[in-house]
Amino acid sequence: MTILRLAYAGMLIAGGSIAAAYENIDRWNSTATDGGTGSEGTPVTVTWSIVDDGVMIPSESGQVASDLIDMLDAEFGSGPGGDDYALRPWFSIFSDSFDRLSELSGLTYVYEPNDDGSAMSNISNHPLGDLGVRGDVRLAGRSYEKFTTLAPNYFPDHGDMIINTDRGNYFDDAANNFRAFRNTIMHEALHGVGVNHISSGSSAFLMKPTISSAFDGPQLDDILAMQRLYGDVYEQNGGNNSYNSATQLGTVSTSQTLTVGQNGSSTLVDAGDIDFVSIDDNSDFDYFSFTLNAALDIVID
């Protein structure tokens with residue numbers, strides 16, 4: 001078995017300054033699942049829950065009652081109804097959005113079916129995530145004075161999302177599997193894990209200030225932002241940061257080409273692309289292994 005160790009390589013633009021592909025603000029320092037989450041580049045598990053209508057949430061004029069469920073049921077239907085929101089027709093839009101972020105980084109989103117109805121508060125005083133009680137990230141909704149607002153989101157260690165329930169006609173657009181709504185959720189969720197807006201004059205990215213449905217989900221620089229904060233997907237479940245925990249790539253035969261990170265060659269990321277790897281900083285080492293059935297000459301690029 002052959003072991004490869006990948007280390008950090010920096011990228012500079014002309015003039016020697018570092019190219020800013022993304023803008024990270026903070027990362028989760030503590031979650032209900034992990035407790036303390038360690039240093040930058042370390043994977044994190046984030047739970048998410050949905051508050052009941054009537055739970056008090058912040059607004060410009062004080063606390064108001066969330067009406068997210070009412071809006072979603074009106075736009076998408078309520079299915080069998082009841083307290084189990086996972087049975088609602090609209091639930092998969094949220095779960096698909098969080099699952100997409102999980103398959104692109106060291107983030108693992110887990111749905112917390114319980115929410116105790118604690119009032120949401122501002123970033124200096126809010127209920128923390130608690131397993132079996134409420135999510136680290138809680139989803140609510142209300143009317144906003146600005147109709148252009150889609151859904152503000154707090155940064156870590158808060159992460160709550162408050163969706164504009166006046167915009168149901170925008171969210172229920174079924175084109176491309178409700179891409180407009182999913183991109184809104186994923187954009188705001190990235191704020192919730194510490195990624196800020198970024199500007200680009202030439203490329204389209206999810207974290208630009210104006211939402212777009214011309215593409216599906218995080219694009220390359222958005223993925224780099226997540227992986228800088230929480231590592232790549234191989235950091236989940238113990239990671240591949242040592243010889244003994246190397247990611248196994250399988251058996252390589254004569255004339256076979258084996259590629260890791262092949263989707264990172266373009267800034268445009270399709271909905272099914274998942275093969276992205278990175279070294280989050282100059283102290284990180286990632287190990288990959290492969291097996292040869294016979295003595296072979298190999299070329300590593």
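A residue counts as buried when its relative accessible area is under 20%, as exposed when that area is over 50%, and as partly exposed in between. Keep in mind that this is a predicted model.

**Stop 1: a pair of neighbours**

Select Tyr170 and Phe171. They form an aromatic pair of the edge-to-face kind. The ring centres are 5.9 Å apart, and the planes stand at 75 degrees. Is Phe171 buried or exposed? Its relative accessibility is 0%, so Phe171 counts as buried. Tyr170 has 24% and is therefore partly exposed.

**Stop 2**

Zoom in on Phe76 and Phe181. Their ring centres lie 6.1 Å apart and their planes make 10 degrees, so this pair is stacked. Which helices does the pair connect? Phe76 belongs to helix α1 (residues 68–76), and Phe181 to helix α4 (residues 175–192). The pair therefore ties together parts that are 105 residues apart in sequence. Phe76 is buried, at 17% relative accessible area. Phe181 is buried too, at 0%.

Stay with helix α4 and click Phe178, which lies in that helix. Its phi is near 55 degrees, a positive value in a residue other than glycine.

**Stop 3: charges over rings**

Select Arg142 and Tyr144. The charged end of Arg142 sits over the Tyr144 ring, 3.7 Å from the ring centre. Next, select Arg167 and Phe147. Here Arg167 lies over the face of Phe147, at 4.3 Å from the ring centre.

**Stop 4: the four-stranded sheet**

Switch to a cartoon view. Look for an open sheet of 4 strands with parallel pairing, in the order β7-β4-β8-β9. Which strands stand at the edges? They are β7 (107–111) and β9 (161–164). Each has a single partner strand, so one side of each is left without a neighbour in the sheet. From one strand to the next, the twist averages 30 degrees.

Strands of a sheet pair through backbone hydrogen bonds. Turn to strands β4 (residues 44–50) and β8 (residues 137–142). They pair in the parallel sense over 3 bridges. Pick Ile50 and find its bridge partner, Leu139, in β8.

**Stop 5: a cis bond in a loop**

Go to the loop between β8 and β9, where Asp157 lies. A cis peptide bond joins Pro156 and Asp157, with omega at about -5 degrees.

His191 is buried, with a relative accessible area of 6%. Which residues does His191 touch, not counting those up to four places away in sequence? They are Asn153, Tyr154, Phe155, Pro156, Asn196, His197 and Met207.

**Stop 6: Ile25 and its contacts**

Beyond its neighbours within four places in sequence, Ile25 is in contact with Phe155, Gly194 and Asn196. Ile25 lies in the loop between β1 (2–6) and β2 (30–31). Its relative accessible area is 43%, so Ile25 is partly exposed. Draw a line from Ile25 to Ser78, 53 residues apart along the chain. Their C-alpha atoms are separated by 37 Å.

**Stop 7: β10 and β11**

Move to strand β11 (residues 286–292). Of its 7 residues, 5 are buried, so β11 is largely enclosed by the rest of the structure. Strands β10 and β11 pair in the parallel sense over 4 bridges. Click Thr247 and look opposite, to Phe288 in β11.

**Last stop: an exposed loop residue**

Finish at Asn237, in the loop between α5 (220–230) and β10 (247–252). Is Asn237 buried or exposed? At 82% relative accessible area, Asn237 is exposed. Its phi is near 55 degrees, a positive value in a residue other than glycine.

Methods:
Residues numbered from 1 in each chain as written. Predicted model: local features only at pLDDT ≥ 70, side-chain atom pairs only at ≥ 80, totals over all residues. Heavy atoms only, no water. Phe/Tyr/Trp six-rings, centres within 6.5 Å; stacked < 30°, edge-to-face > 60°. Helix = DSSP H or I, 4+ residues; strand = E, 2+ residues; numbered from the N terminus. Buried < 20%, exposed > 50% of the residue type's maximum accessible area, 1.4 Å probe, protein only. Lys NZ or Arg CZ within 6 Å of the ring centre and 35° of its normal. Pairing = 2+ DSSP bridges. Axes fitted to C-alpha atoms, helices over the stretch in contact; angles between N-to-C directions. Contact = heavy atoms within 4.5 Å.
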